[in-house]
Every structure is written in structure tokens, then in C-alpha cells.
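Thanks for making time this morning. Please have the structure open while I talk.

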Amino acid sequence: MSPISRTIEHTDLETIVGLAKRRGFVFQASEIYGGLGSTWDYGPLGVELKRNVKDVWWKSMVRDRDDIVGLDSAILQSPEVWMASGHVDSFSDPLVECGNCHRRYRADDIGDTCPHCDSSDLSAPRQFNLLFKTFMGPVEDDAAVIYLRPETAQGIFINFDNVQTTTRKRIPFGIAQIGKSFRNEVTPGNFIFRTREFEQMEMEFFCKPGSDEEWHRYWINFSEEWFKEFGIRADNLRVRAHEADELPHYSKGSSDVEYQFPWGWGELETISNRTDFDLKAHIERSGRDLSFFDDDAGERYVPYVVEPAMGADRSALAFLADAYDEEGEGKDKRTVLHFHPDIAPVAVAVLPLSRNEKLTPKAREVYDLVRVNFNAQFDDTQSIGRRYRRQDEIGTPLCVTVDFQTVEEDNAVTIRDRDTMDQIRVPIDNLRAALDDRLAEIRSTCRG
Ligand SMILES: [Zn+2]
């Protein structure tokens, strides 16, 4: 199958934000109270989209592989963790404040004047720590301060020995985790791209020192291919190696997989060679031995770590932006999201031709059949043409239509394809196999 043809190459962020709100993907958080800056709530379709992104990642990383296992560590950890990792001391951005309007900026985001009021009365940069602080227990004093985790990675490092011992995994192996992280960013923005509360998909791959650079290349390639497999067009992806002065304190080398967002290239994932920095820091601070005895090599060492770290929210945004297209003219015009079937919030919509006492029970029956195996939606409001457009606009790959011929003649239904708009007639008895076949074909055309 040839790739899906596209009418427009890129759309603007406003269009994506508008669609996201109109169709229930993403809402402004605390909207009825005027909104809370740069925080967002995922609506019924958005939560399915993001869940699918996380599920396909988990399947690729954990369930399909023998050398990676999963973990779900706590958001709240001992403050010692963040002291050892360097976050308490050095996880900060240079902040400047405008003396006139008192807005605050990241020093490296602005020039000599305030972008808001043009005043040149800017303070000298001071370091602003990005950790979110809170208190544990009823007393709000210094001894009770704890932090919301700024990355899921440390929860993995501090459990290295627990996981290795219980699973008996040998080096090289990885530990993957999906979860919320928090960073008190000075300048969040671009919708769900940069937010203070966000969800990460991280995997720490423990390997023998000396094999780290090879594994680094392996995971960079794996990550780029992963986005293509699930439908991001190759032209909109690139890999960019960090310059020496961009490297975080723990990294020997980092590369970003970037996506061409409506505002320009932005990071989806960073693949870092964290060396033995983190394990050694925890060995030193905790006094616990986190080294590994390698039977094959007959030696003991502290493993090196290669980390692919991905943002779930910004990946969901990339899938949404990349799927977007507008086709046709006049009354045939349609907006369509060409999601990969495993990413699409709804895989199959079941639609009676019209709301009718003969059709509705049969359509319900078909819906109950379909929903066992597919994420399905039932819709019997408005005309069939409008319902097809609505499903196109949320990226549903297949619609199953129940009509009078179904109930009066052949016990068959029509399957309509989102991308080609072709329709085929299939006996209900063969529906599951037919849907599987059609979805497999759409998967192959979605490859970026
Ligand atoms: Zn100002």
C-alpha cells in the first residue's frame, strides 16, 4: 500500500488547539475559574490518545522485549535522592525580572529588553531552582520539605539492586517507567508541549562500561524508528546531537529526536549517555552497593546507563499535529486526522444509517460485538454524512454502518475507510476478521 496522500503539509498551532478543545481532546485546566497557567486537562478523546501513546511505548519497550522490565516508583521520595542526583543544588535556570512590569523570564530566552514592555531595566540573572517543593506531614518546617520528582529516572536508579536481584536480569538490561514529573518552569508554553506537570516515558538501560556508545547509537535509532512506525512522517523528524554546552550535568552525550511542530523544531525525546554518574552518586550518598558482578567478564563494575526519555504529552501533540489534514472543497470539504490505528482514540465507530426502531437494535448488537475487540464508539445522532465527517475529524480509521439491507436482506454491514473513503460490504459473521484486515492495511500505509 502506498502512503496516505496529504493535502496540506502543516497546520498552525491555533487550529490544533481549536480542534483539541472542540472535540474534547484537551481543555484548559481550571477553566471555569479563569484557567491556571500552562496546565491542561485531557478530555474523553485526549485521554484515549495519550493512553494509546503510552500503551504502544510500553509494548515496544517492555512487553515485546526480554531485556527490559517495568517499574512504577513513587512520585515522593526521600530528599536524599535529589541531593544525590544533583537536582537540589544544580537543577536551575537563570532567571531575570523586568524592573518595570515585573514579568520574569529565563535569561537565555530574551535579549537586553523586556519582551512585554521593552524596558531595559532587567535584573541580573539569578539561579532559580525548578524543583516543586511541598511538605510531608502536618508540620510545615524545613525538616518536612520534600520534592515532587522532576524525572522518573531516579526512581529507577535507586531500585536498580531491587529489580536486578528479583528478576535475575543480567547486564545489559533496562528498566522502564511511565509517570508524572514536575518542573517549575519559568517559561512553559506552546500548549501541551512545555508544562510544569507532565508525563514521562523513560527507560534506563544498564550496560557494561565501554559498550555505552554503541548502545547510545542503538537507542537513538530505535527511538526515531518508533515514531515513524506509529505514523510520524519521516520529513518531520530529525535527530540532533547536543552541543557540549547544552549537556546536562550527568551526561556524556545526548541526542534529541525532534519533531517539526507548527512553531519549529522541538524535542520529543532525549537519548542520553548518563554513564555511571547516577549509580555512583547514590552509592556514595546511601552507602549501598549498587554495583553488578558480571559472570561472563568475571568482574564487578558499576554499570553505565543509556536513557531514552520521552515526553508523553508532547508526543501526543506531535501525533495529533502530524495526523492533521484538510481535504476537498465546498460541501465535500473535510478535516481528517490520519492517526495510526493503534494511536487513534477510537478504532471503530458503529453507526446505524439513521435513528430508527428497526436499525438501532441491530446496530447496538453490532456495537456490542465490535467493542469486545476494538475501542469502539456508537453514534446515531444527525445525518450519516455528518457522522462520517465527525469520525474523520477525530481520526477513527473505520466506520461500520448498519442499514435496512442489513436487517431486511443480508445480515451484512458496510465498512468505510477513513483515508480512502472506500466502502466494502461484509457479513456480520466475518466482521471481526474484516476489521482486523482493514486495520492492518491502514497500519502499513501510516508508516512515516
Ligand atoms: Zn517589562
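This is a predicted model: local features need pLDDT of at least 70, side-chain atom pairs count only at pLDDT 80 or more; totals for chains, interfaces and linings use all residues.

The chain has 448 residues, and 37% of them count as buried. Its secondary structure comes to 13 helices and 23 strands. Taken along the principal axes, the C-alpha atoms fill a box of roughly 75 × 65 × 45 Å. If you take the contacts with a separation of 6 or more, residues 24 or more positions apart account for 65% of them.

Now the domains. The assignment divides the chain into three parts: domain 1 is 13-78 plus 133-320, domain 2 is 92-129, and domain 3 is 346-446. Between the C-alpha centres of domain 2 and domain 3 there are 55 Å.

Let me start with strand β12, residues 253-261. Is this strand enclosed or open? Seven of its nine residues are buried, so β12 is largely enclosed by the rest of the structure. As for its partners, strand β11, residues 237-241, pairs with β12 in the antiparallel sense over five bridges. One place to look is V239, whose bridge partner in β12 is V257. Strand β13, residues 264-275, also runs antiparallel to β12, and nine bridges join the two. There, D256 has T270 of β13 as its bridge partner. β12 and β13 form a hairpin, with two residues between them.

Next, an open sheet of three strands. Its order is β5-β4-β6, and the pairing is antiparallel. The edge strands are β5, at 104-106, and β6, at 126-129, each of which pairs on one side only. On average, and ignoring direction, neighbouring strands of this sheet are turned by 50° against each other. Strand β4, residues 92-97, is joined to β6 by four bridges in the antiparallel sense. Within that pair, D93 stands opposite F128 of β6.

On to the helices. The pair I picked is α2, residues 44-63, and α9, residues 312-323; their axes come within 9 Å and cross at roughly 110°. The range for roughly perpendicular is 65 to 115 degrees, and α2 and α9 are therefore roughly perpendicular to each other. Which residues make the contact? From α2 they are L49, K50, V53 and K54, and from α9 they are A312, S315, A316, F319 and L320. By class, that contact has six nonpolar, one polar and two charged residues.

Last, the backbone details. The peptide bond from I171 to P172 is cis, with omega near 5°. P172 sits in the loop between α6, residues 160-167, and β9, residues 173-182.

Two residues other than glycine have a positive phi that I want to point out. For N190, phi is near 55°, and this residue is in the loop between β9 and β10, the latter being 197-207. For Q382, phi is near 65°, and its loop lies between β20, at 376-378, and α11, at 384-394.

Are these two buried or exposed? N190 has 17 other C-beta atoms within 10 Å, so N190 is partly exposed. Q382 has 12 such atoms within 10 Å and is exposed, because the exposed class takes 12 or fewer.

That is the end of my list.

Note on methods
Residues are numbered from 1 along each chain as its sequence is written. A residue is buried if 20 or more other C-beta atoms lie within 10 Å of its own, exposed if 12 or fewer, and partly exposed in between; C-beta atoms are placed from the backbone. Two residues are in contact if their C-beta atoms, placed from the backbone, lie within 7 Å. Two strands pair if DSSP finds at least two bridges between them. Domain bounds come from an automatic or database domain assignment. Axes are lines fitted to C-alpha atoms, for helices over the stretch in contact, and angles run from 0 to 180 degrees between N-to-C directions. Angles under 35 degrees count as roughly parallel, over 145 as roughly antiparallel, 65 to 115 as roughly perpendicular and the rest as oblique. Ala, Val, Leu, Ile, Met, Phe, Trp, Tyr, Cys and Pro count as nonpolar, Asp, Glu, Lys and Arg as charged, and the others, Gly among them, as polar.
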